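Please consult the sequence and the structure alongside the text.

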Amino acid sequence: MKAAVIYWSGTGNTETMAQAVAEGAGAELFSVDDFSGDLTAYDAIAFGCPAMGSEVLEEDTFEPFFADAESKLSGKKVALFGSYGWGDGQWMRDWEERTKAAGAELVAEGLTVNESPDDNALADCKALGEKLAG
């Protein structure tokens, strides 16, 4: 199985989560700015993005990337994760719905971490990666 973890991070919190997800999945790790591959070449993909503004995905880089990716997710195993500092996780619920509507198989509920991931949160990230690979 070929897996990728693709993320955007502003403060480093989501990047730290992405590293743990990639470790658990045995996946290739890319910041969204550095990904130039073909999503259709991957069997499983984890996407990471923090909540921004009024609980939306980062709008300048990640949102356009994910909007383009949606057409390539049908039948793929997908995991979603990200950090937040406010709100109740609406951005993740919206993101899950978009991902399901694209035909992806979510391997778990989207993983959210308030602010900086602690050791327990990083263990959850690694476990999410293991589910993605499993």
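The points below are grouped by topic.

The model is predicted. Its aromatic pairs come to ten in count, and ring pairs join Phe30, Phe35, Tyr42, Phe47, Phe62, Phe65, Phe66 and Trp95 into a cluster. Two members of this cluster, Phe62 and Trp95, are also among the residues at the contact of helices H2 and H3.

**Aromatic pairs**

- Phe47 and Phe66 form an edge-to-face pair, with 5.1 Å from centre to centre and 85 degrees between the planes.
- Because Phe47 belongs to strand E3 (residues 44-48) and Phe66 to helix H2 (residues 62-69), this pair ties together parts that are 19 residues apart in sequence.
- Both Phe47 and Phe66 are buried.
- Phe62 and Phe66 count as stacked, because their ring centres are 6.2 Å apart and their planes stand at 10 degrees, where the cut-off for stacking is under 30 degrees.
- Within helix H2, Phe62 and Phe66 are four residues apart, which means a separation of about one helical turn.
- Phe62 is buried, as is Phe66.

**A charge over a ring**

- Lys2 is placed over the face of Tyr42, at 4.8 Å from the ring centre.
- Tyr42 is itself one of the residues linked into the aromatic cluster.

**Packing of helices H2 and H3**

- The axes of H2 and helix H3 (residues 90-101) come within 10 Å and cross at roughly 25 degrees.
- H2 and H3 are therefore roughly parallel to each other, since angles under 35 degrees are assigned to that class.
- On the H2 side the contact involves Phe62, Glu63, Phe66 and Ala67, which meet Trp95, Arg98 and Thr99 of H3.

- Ala108 occupies the loop between strand E5 (105-106) and strand E6 (111-114).
- The relative accessible area of Ala108 is 19%, so this residue is buried, the limit being under 20%.
- Apart from its neighbours within four places in sequence, Ala108 contacts Leu128 and Lys131.
- Between the C-alpha atoms of Ala108 and Gly129, which are 21 residues apart along the chain, the separation is 10 Å.

How values were computed
Residues are numbered from 1 along each chain as its sequence is written. This is a predicted model: local features need pLDDT of at least 70, side-chain atom pairs count only at pLDDT 80 or more; totals for chains, interfaces and linings use all residues. Side-chain values use heavy atoms; hydrogens and water are left out. Rings of Phe, Tyr and Trp (its six-membered ring) pair if their centres lie within 6.5 Å; planes under 30 degrees apart count as stacked, over 60 as edge-to-face and the rest as tilted. Helices (H or I, at least four residues) and strands (E, at least two) are DSSP runs, numbered from the N terminus. Buried means under 20% relative accessible area, exposed over 50%, partly exposed in between (1.4 Å probe, protein chains only). A charge sits over a ring if NZ of Lys or CZ of Arg is within 6 Å of the ring centre and within 35 degrees of the ring normal. Axes are lines fitted to C-alpha atoms, for helices over the stretch in contact, and angles run from 0 to 180 degrees between N-to-C directions. Angles under 35 degrees count as roughly parallel, over 145 as roughly antiparallel, 65 to 115 as roughly perpendicular and the rest as oblique. Contact means heavy atoms within 4.5 Å.
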